[in-house]
Amino acid sequence: MAFTATVGNQQVSCGEDQSMLDAFLRAGVWMPNSCNQGTCGTCKLRVVDGDVDHGDSPADTLTAEEREAGLALACQARLRSDSVVETLGGAVGGGITHPLRDLTATVLSNDEIARDTRRLLLELPEPLAFHPGQYVELTVPGTQLRRQYSLANTADEDKVLELHVRSVSGGAATERWIFTSMAVGDQIPVTGPLGDFFLPAEDSDDGGPMVLIGGGTGLAPLIGLARTALSRDPGRRVLLYHGVRGVDDLYNLDQMAELTKVYPAFTFVPVLSHEAPAAESVHREGFPTDHFIEDVDSARGWSGWLCGPPPMVEAGVRAFKRRRMAPRMIHREKFTPAT
Ligand code: FES
C-alpha cells in the first residue's frame, strides 16, 4: 500500500514501510537531511494535513509538543494517509538533487592505509551522481545494520567510490566485517547519496576562503570538498587541518603534498594530539581547532567545514564563531560515527 505526500506543487508516492525522506530522495525531490538516524533534526517538517506514524523518532529530537504541533522527522515518519507536508526553512527542490539509489558494488580494494584505518574502493555497475561531501550507507551482510561512510570522491569520480574506515573495537561493521572478512571481489549493497554536507552549487558559491577540520577518517569528505573548491577556483584560500592521535594515523599524505604543489593557496596542516612531533617535521602538536585560532585572525567571509568526533566538531564551531565566522557558513557532518 502507498500514500501520496504533497509538498508544494510536487507529489511523491510513499510506501507503507518507507520513510518520507527515503521516498522523496528516491524521487529526486530534495528534502533537507543529514543523519538519516533521527538524531539531528535536519529533516523536521510540518504535516499540514494527514496522518503519520512517527516510528522510532526520539523524544530528544522530536518533542511531544512538536508532535502535538504537527511536526515530524521525515527520516523516521511513515505516512498513514495521503498527506500535505511543508518543509521548514528552505524550499524543496531549491538545489540539484541526486536521487537516492540502491546499487551493488564490487570491492576493488580494501587496504590498510594508517593505524586501524582502511581505504575501500568500491566499483559500481553504473555511475552514481552525488555532491562531494555526501555519504553512502553499506548494509552489513546477513543483518539489517546500515553503516554510513563519507565519500572522499569528487563528482566526476562517480564509478569507483572511495571510503575511509576506522576500526572500532567490537564493531559489527568494522571488526566483524570490513577488517576481517570483506575480500576483493565481494559484492556489497550500497545506498546513496545522502546528507547535506556539500558545497553550494557553483553559480551560488561565493568563492570565499574555506577552513576544513577533520578528525581521523573525518578527513574523507573534506578531500572531496577541498578538491572541488580548488577546481572551481585554483586561487581560492583553502586551509585543511587533519587531527589524529599520532603520526601513524596520518594518511593520504602524497595527495595532500600534490594539492599543496598544484594550488599555492591550499594549506594542509597535520596535527598530532597524543605525540610530540619529530624535530623539523611539519606536524603540529595539540588540537586542530586551537591551531586554527592561532593561524587565522578573522574568519569573516570564510566558510567552515567540520567532520569528526563530536567534541572536535563542537570545539570547531566555537573556534569558528570566536573568529567571527557567520553561523550560516558553519557546516558539520552530523551522522553518528560508524561501528
Ligand atoms: Fe532526520 Fe537527522 S533527524 S536526517
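## Close-up views of a predicted model

**View 1. Lysine 44 faces leucine 73 across a strand pair.** Lysine 44 stands opposite leucine 73 in E5. The model shown is predicted. Strand E3 spans residues 44-49. Three bridges join E3 to E5. The two strands run antiparallel.

**View 2. E3 and E5 belong to an open sheet of five strands.** The strand order is E2-E1-E7-E3-E5. Pairing within this sheet is mixed. Which strands form the edges? They are E2, residues 10-15, and E5, residues 71-73. Each edge strand pairs on one side only. Neighbouring strands of the sheet are turned against each other by 40° on average, direction ignored.

View 3. Along the principal axes, the C-alpha atoms fill a box of roughly 65 × 45 × 35 Å.

**View 4. Burial and contacts are counted over the protein chain.** What share of the 339 residues is buried? Buried residues make up 42%. The contacts considered here join residues at least 6 apart in sequence. Of these, 69% join residues at least 24 apart.

Key: Residues are numbered from 1 along each chain as its sequence is written. This is a predicted model: local features need pLDDT of at least 70, side-chain atom pairs count only at pLDDT 80 or more; totals for chains, interfaces and linings use all residues. A residue is buried if 20 or more other C-beta atoms lie within 10 Å of its own, exposed if 12 or fewer, and partly exposed in between; C-beta atoms are placed from the backbone. Two residues are in contact if their C-beta atoms, placed from the backbone, lie within 7 Å. Two strands pair if DSSP finds at least two bridges between them. Helices (H or I, at least four residues) and strands (E, at least two) are DSSP runs, numbered from the N terminus. Axes are lines fitted to C-alpha atoms, for helices over the stretch in contact, and angles run from 0 to 180 degrees between N-to-C directions.
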